[in-house]
Amino acid sequence: MDSTVPSALQLPQRLAPNPRESPRRPEEEEPNLLSSLAAVQTLASVIRPCYGPHGRQKLLVTMKGETVCTGCAAAILRALELEHPAAWLLREAAQTQAENSGDGTAFVVLLTEALLEQAGHLLKAGLPRPQLREAYAMATAEVLTMLPSLAIQSLGPLEDPSWALHPVMNTHTLSATDYLTKLVAHACCATKELDGSFKPERVGVCMLHGGTLEDSCLLPGLAISGKLCGQMAAVLSGASVALFACPFGPASPNAPATARLSSPADLVQFSKGNNQLLGKLVGQLAAAEINVAVVWGDVDGETLALADKYGIMVIQARSRMEIVYLSEVLDTPLLPHLIPPRKPGKCQRVYRQEMGDGLAVVFEWECTGTPALTVVLRGATTQGLRSAEQAVYHGIDAYFQLCQDPRLVPGAGATEMALAKMLSDKGSRLEGPSGPAFLAFAQALKCLPKILAENAGLAVSDVMAEMSGVHQRGNLLMGVGAEGIINVAQEGVWDTLMAKAQGFRAVAEVVLQLVTVDEILVAKKSPTHPQIFNPDSKKAKKHPPPVEKKKSLE
């Protein structure tokens, strides 16, 4: 048994022995009592090197064959092909954490692994599963009760949020963090409602190739990296927008078809009929007062000429995500055919905005509830732009949380170390199984600053010993930095209280489910046998072939 786990060492003295338990044979002294632990450890080993601002990047090859350089735990989890049910459960909880708070994905995975490892030690020491589950639930409730007491910093309603957003964004981008933080802070403050609320969808993000991240800027309205087609370059008032997820041209240009033409006259008639059909389609758009068409697909030259004739601005979207977001903002459907929408999207004006070698198409509104600003990111590589995009989205999510709860807790592992000290102090005084469970929870919390020190390349044992001594003396603001322990208040390293609390709740839900699982049962896939259909054979109908008996579970 691991000698570094105090909770496991103290259990034999603090738990009453079970008289019904039969003595184990020598080869069964330490059975694997948590069948899900190995799968969780494997998943955590993938995420662990990416944790913290000094985490490493990974070259991720997606199922589509694309190679992405990323250190984002959420992106890595999405791309992994998992089979173990415990890994599926943990990934679902981590992705829910990312969707609700925008951050804390790696925190959920790593703390779940640490708690399950400690649970394994407790089970081997003789703690029954129901008591372990109850004790872990009590420890989680205690953590959530103590967590607000560590929030010693708060964002003011009229204060510049750059200092609060910087540590969140610094984890996800490798350069120009200060400049990007100021852009996001300005965009969030400018789009904040008069009542103090904030809607994240009012700040858009657009990526344009060319330049550097320092060339990024803010544009009014919603900007997309589209391509203008045709002669219409702007609609300066009363824009009526239709969105199409199909080619701007004939219905199915790539569909297999055979034209049966027997004479030159048939060829002329076929071409004339095709032009009439295109003219009818574009004419219907013009009759419905559509003057802007955004297309996710190819643009046909003849159809584009007809659109110029009717004064329709045609924009070819470069990203499906952008046109889907535009559909949500404009509240108009994404149509599979060139037909007028029942409810076209309305905005004040649409125009092009050239930015160096890039081109953005801007949609502007004057009404509330629509995107007011777009952060336009510039960069030379796709990987750099994606990292900056992740950082911007995390900054927007962090500001949204601060508008709901402005409190912040110390970052860089200081909060986890402080909670570990509090749990250890209380666990040493508790009787029964709750005491060792509190000590095990505290030991699991210490794993997070330990991982930060490992990823920063520090001497882990020295850093952890120094941090433990400082926290024992009552200084709860000491965390892990690039060169050793730091004062997080002086360095400005903070985490939002809301995201941290949500992370603890997500971890508790997964751990409390997995600690009671003693075996993973997977149903066997029945082999597929070819069926013989012989309508003339009455014997086959009356006497079907015998079916081999299959085990339902393995």
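Q: Why are helices H5 and H15 called oblique to each other?
A: The axes of H5 (residues 105-124) and H15 (residues 447-455) come within 10 Å and cross at roughly 120 degrees. Axes are lines fitted to C-alpha atoms, for helices over the stretch in contact, and angles run from 0 to 180 degrees between N-to-C directions. Angles under 35 degrees count as roughly parallel, over 145 as roughly antiparallel, 65 to 115 as roughly perpendicular and the rest as oblique. H5 and H15 are therefore oblique. The model is predicted: local features need pLDDT of at least 70, side-chain atom pairs count only at pLDDT 80 or more, and totals for chains, interfaces and linings use all residues. Residues are numbered from 1 along each chain as its sequence is written, and side-chain values use heavy atoms, with hydrogens and water left out.

Q: Which residues make the contact of H5 with H15, and how do they divide by class?
A: On H5 they are Phe107, Leu110, Leu111 and Ala114, and on H15 they are Cys447, Leu448 and Ile451; contact means heavy atoms within 4.5 Å. Ala, Val, Leu, Ile, Met, Phe, Trp, Tyr, Cys and Pro count as nonpolar, Asp, Glu, Lys and Arg as charged, and the others, Gly among them, as polar. The contact thus has seven nonpolar, no polar and no charged residues.

Q: What makes the pair of Phe107 and Phe504 edge-to-face?
A: Rings of Phe, Tyr and Trp (its six-membered ring) pair if their centres lie within 6.5 Å; planes under 30 degrees apart count as stacked, over 60 as edge-to-face and the rest as tilted. For Phe107 and Phe504 the values are 5.3 Å centre to centre and 90 degrees between the planes, and the pair is edge-to-face. Phe107 lies in H5 and Phe504 in helix H18 (residues 497-514), so the pair ties together parts that are 397 residues apart in sequence. The structure holds three aromatic pairs.

Q: Why are H8 and H12 called oblique?
A: H8 (residues 177-190) and H12 (residues 382-404) pack at an angle of about 40 degrees, with their axes 10 Å apart. The two helices are therefore oblique to each other. Leu180, Val184, Cys188 and Cys189 of H8 make the contact with Ala388, Val392, Gly395, Ile396 and Tyr399 of H12. By class, this contact has eight nonpolar, one polar and no charged residues.

Q: What makes H13 and H14 roughly antiparallel?
A: H13 (residues 414-427) and H14 (residues 434-445) pack at about 165 degrees, with their axes 8 Å apart. That angle makes H13 roughly antiparallel to H14.

Q: Which residues of H13 and H14 meet?
A: In H13 they are Glu416, Leu419, Ala420, Leu423, Ser424, Lys426 and Gly427, and in H14 Gly435, Phe438, Leu439, Phe441, Ala442 and Leu445. They divide into eight nonpolar, three polar and two charged residues.

Q: How is H13 known to pass H14 in a left-handed crossing, whereas H5 passes H15 in a right-handed one?
A: A crossing is left-handed if the near helix is turned anticlockwise from the far one by less than a right angle, and right-handed if clockwise. By this rule, H13 passes H14 in a left-handed crossing, while H5 passes H15 in a right-handed one. H8 also passes H12 in a right-handed crossing.

Q: Why are E4 and E5 said to stand at the edges of their sheet?
A: Three strands form an open sheet in the order E4-E16-E5, with mixed pairing; two strands pair if DSSP finds at least two bridges between them. E4 (203-209) and E5 (217-220) each have a single partner strand, so one side of each is left without a neighbour in the sheet. Neighbouring strands of this sheet are turned by 30 degrees against each other on average, direction ignored. H8 lies across E4, E5 and E16, running at about 165 degrees to E16.

Q: What makes E5 and E16 count as paired strands?
A: E5 and E16 (residues 373-379) pair in the antiparallel sense over four bridges, where the rule asks for at least two. In E16, Val376 is the bridge partner of Cys217.

Q: How many bridges join E8 to E14?
A: Two bridges join E8 to E14 (residues 349-355), and the strands run antiparallel. Tyr351 in E14 is the bridge partner of Ala234.
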